[in-house]
Amino acid sequence: MTQSTDTLLGHPKGLFLLFGTEMWERFSYYGMRAILVLYLIAAVESGGFGWTNSEALALYGWFTMAVYLTPVLGGWIADNVLGQRKSIILGGILMAAGHFTLGTPQAWLGDASESAFYIGLILLCCGNGLFKPNISTLVGDLYQEGDSRRDGAFTIFYMGINIGAAIAPLVVGYVAEVINWQLGFIVAGFGMVISVIMQLVLANKYLGDIGVKPSAHGISTKGAAAAKDTPLTAEERDRVKVIVIMSVISIVFWVSYEQAGGLLNIYAKDFTDRHIFGWEMPASWLQSVSAIFVVMFAPVFAGLWTKLGDKQPSSPRKFAFSLLLVGIGFLFMVAATMQQGGDLNVKVSVLYLIVTYMFLVFGELCISPIGLSLVSKLAPIKYLSLLMGVWFACSAIANKVAGVVGGLIGEGPEQINNALSIFAGLAVSGFIAGGLVLLMADKLVEWMHGAEAPAQVEHSELDQDPI
């Protein structure tokens, strides 16, 4: 198979196939994510499971943790067994099956409805593990090494992610909350089906042989074996320290950020005035706000770093800013809960949540240039997969901790006071962690041993999700 040489907007048309594939996959995932907790706590008579807030958020934590862990195994399977293309298709089929399993009416399943629900989540996790790490790899493989169009390609791809993430809660959330919970999961599943069909019908034409064969099959083991026997140099040990420190501290950021799909989602449902001209918007619609802000502000931040040139902050300082911005964001939620004065019947303005999401996105856009890019730049080649696994593992831990922290809101009249304590704790932890990173920034840059040029503008995180 030969890759199509046709271009669109100066890029291979295969890029726009991957754009659409990822957009519909993100539509399915973020649609499901927007309603998952709300569905679990919805009353049984309305089609939900009637779980407590703590039970729902605990499960949400386990699920999102698995979402970050399974790509480690899925990437290995693609590299060594299936290849990227087959992994994407198989992953998509598994995710579609997961959505449709979640969408099976409880009346059809009877006592088996809860077991079917867990099976659906397992299918989603397994499918995500195969799909997620490999679609972004194909984007990079469209371009030769050194092709100046690569960064622009990831920008376009990133917009696909956020368009899907922005639209999904509006469509899936409305169907689920207004019409039927199970139908919402089915709508999300159809998004995944569209994604798979696009790959099956168009991939051979626009991608050619890219991603067909497992990449490890084409790599000589001789050099790898030699590198494996070579001890780490002092410089490499310093770089490993940077990766481990940044990965561990990232847990603070993601614990706060991941409240969006959990505790903040519940707060939007129960304690936020969502009326607009007499009409009440579904709570899940607020899950679109972050993605919309990313689309709005990503070009602004990219332009800012470019304009600053060699005066822009180092990656560790950007990382610190992300933590400080999260702290600022949760101060608005502290103000919201203080306005309620412990009264469960008081509804606060939706602007509190919107401003909080805005600061969370600002934080995301500051931490985005680091993450996987930092690992790929600093990791000794023989430990690249291991250290990439460390980064993913810390993100997974953060998601589980986020569920536990959100679950502390509890039930009944203490919810407002508990929420106040949680939001204040998240704000303080962001400020403390951000301050620590600022104090360590110069030493961290020193340990990077020139891996980051002063004027370098990072683009790597363009293949990561807004959460």
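**Figure 1. Helices H9 and H16 pack against each other in this predicted model.** The axes of helix H9 (residues 234–257) and helix H16 (residues 415–448) come within 10 Å and cross at roughly 165 degrees. Axes are lines fitted to C-alpha atoms, for helices over the stretch in contact, and angles run from 0 to 180 degrees between N-to-C directions. The angle makes H9 roughly antiparallel to H16; angles over 145 degrees count as roughly antiparallel, under 35 as roughly parallel, 65 to 115 as roughly perpendicular and the rest as oblique. H9 passes H16 in a left-handed crossing, in which the near helix is turned anticlockwise from the far one by less than a right angle. Residues of H9 that meet H16 include Val 242, Ile 245, Met 246 and Ile 249, and among those that H16 contributes are Ala 433, Val 437 and Met 440. Contact means heavy atoms within 4.5 Å. By class, the contact of H9 with H16 has 13 nonpolar, 3 polar and 4 charged residues. Ala, Val, Leu, Ile, Met, Phe, Trp, Tyr, Cys and Pro count as nonpolar, Asp, Glu, Lys and Arg as charged, and the others, Gly among them, as polar.

Residues are numbered from 1 along each chain as its sequence is written, and side-chain values use heavy atoms, with hydrogens and water left out. Because the model is predicted, local features need pLDDT of at least 70 and side-chain atom pairs count only at pLDDT 80 or more, while totals for chains, interfaces and linings use all residues.

**Figure 2. Helix H12 also packs against H16.** The axes of helix H12 (residues 315–340) and H16 come within 7 Å, with a crossing angle of roughly 165 degrees. H12 and H16 are therefore roughly antiparallel, and their crossing is left-handed. The residues in this contact divide into 27 nonpolar, 6 polar and 2 charged.

**Figure 3. Phe 117 belongs to the residues with the most contacts inside the largest nonpolar core.** This core has 129 residues. A nonpolar core is a set of buried Ala, Val, Leu, Ile, Met, Phe, Trp, Tyr and Cys residues joined through side-chain atoms within 4.5 Å. Buried means under 20% relative accessible area, exposed over 50%, and partly exposed in between (1.4 Å probe, protein chains only). Helix H1 (residues 13–41) gives the most to the core, with 17 residues. Not counting residues up to four places away in sequence, Phe 117 touches Leu 36, Tyr 39, Leu 40, Phe 49, Leu 59 and Leu 102.

**Figure 4. Gln 199 is a buried residue of helix H7 (residues 181–207).** Its relative accessible area is 2%. Beyond its neighbours within four places in sequence, Gln 199 is in contact with Leu 17, Leu 18, Thr 21, Arg 85, Ile 88, Ile 89 and Leu 207.

**Figure 5. Phe 277 lies in the loop between strand S4 (275–276) and strand S5 (279–280).** Helices (H or I, at least four residues) and strands (E, at least two) are DSSP runs, numbered from the N terminus. At 88% relative accessibility, Phe 277 counts as exposed. The phi of Phe 277 is near 50 degrees, a positive value in a residue other than glycine. Most residues other than glycine have a negative phi.

**Figure 6. Val 404 is found in helix H15 (residues 384–407).** Val 404 is partly exposed, with a relative accessible area of 46%. The C-alpha atoms of Val 404 and Leu 59 are separated by 9.2 Å, although these residues are 345 residues apart along the chain.
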